[in-house]
Amino acid sequence: MGAFGTLACASATILTIGSLATMCLIVSDINGLYHDVMEESKTTRTVADDAWAELLPAGHPGNSGRRGPPGPAGPNGKNGKQGADGIPGAGGAPGQHGIPGLDGEPGAPGEDAVPGTDAAYCPCPTRSVAVEATPAQTEQIYKTH
């Protein structure tokens, strides 16, 4: 190794030791800052607690604690009088279809209806005229109509 290698090795060693020393100083400064902040925090809390103590009257109750376990069941009470019935509820869904019953009796015959609009344009003879007429009269009826 020549002079240059020795110089490079010595320089690297010095820089490494310097870097470690600098890191130690930075960590020390951070720890000091942390302790200072914690002291200020304690001081601020003391001042805030004193201010609240002056604002609140003496004997003010503190926060309530946790709820305790339930106690034993009490004795049964006396029977009261019957209450009024409530309002009826909504109707239920429709039931299933039953078996169909027997057909009923036929109804009475209805009245004759008014002739429809087809009769106005149809010049045909009435049916009863053609049925009751003789064959010669039937031919005459169909020729004229």
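Predicted model: local features only at pLDDT ≥ 70, side-chain atom pairs only at ≥ 80, totals over all residues.
Let's start with one residue. Arginine 45 has a relative accessibility of 60%, so this residue counts as exposed. The cut-off for exposed is over 50%.

Who is its partner? Arginine 45 forms a salt bridge with aspartate 49. The closest N and O atoms are 4.0 Å apart. Both residues lie in helix H1. They sit four residues apart, about one turn of the helix. Aspartate 49 is partly exposed, because its relative accessible area is 41%. How many salt bridges does the structure hold? One.

The chain averages a pLDDT of 82. Of the residues, 75% score at least 70. Where is confidence highest, and where is it lowest? Helix H1, residues 3–55, is highest, at a mean of 92. Helix H3, residues 127–132, is lowest, at 56.

Now to the surface. Leu33, Tyr34, Val37 and Met38 make a nonpolar patch of about 400 Å². Take leucine 33 from that group. Leucine 33 lies in helix H1. Its relative accessibility is 55%, so leucine 33 counts as exposed.

Last, the cysteines. Is cysteine 24 buried or exposed? At 56% relative accessibility, cysteine 24 counts as exposed. Cysteine 9 comes in at 44%, so this one is partly exposed.

Conventions. Residues numbered from 1 in each chain as written. Heavy atoms only, no water. pLDDT = per-residue confidence, 0-100. Helix = DSSP H or I, 4+ residues; strand = E, 2+ residues; numbered from the N terminus. Patch = residues over 30% accessible without salt bridge, like charges linked within 9 Å, V, L, I, M, F, W, Y side chains within 5 Å. Areas by Shrake-Rupley, 256 points an atom, 1.4 Å probe, with all protein chains shown as cover. Salt bridge = Lys/Arg side-chain N within 4 Å of Asp/Glu carboxyl O. Buried < 20%, exposed > 50% of the residue type's maximum accessible area, 1.4 Å probe, protein only.
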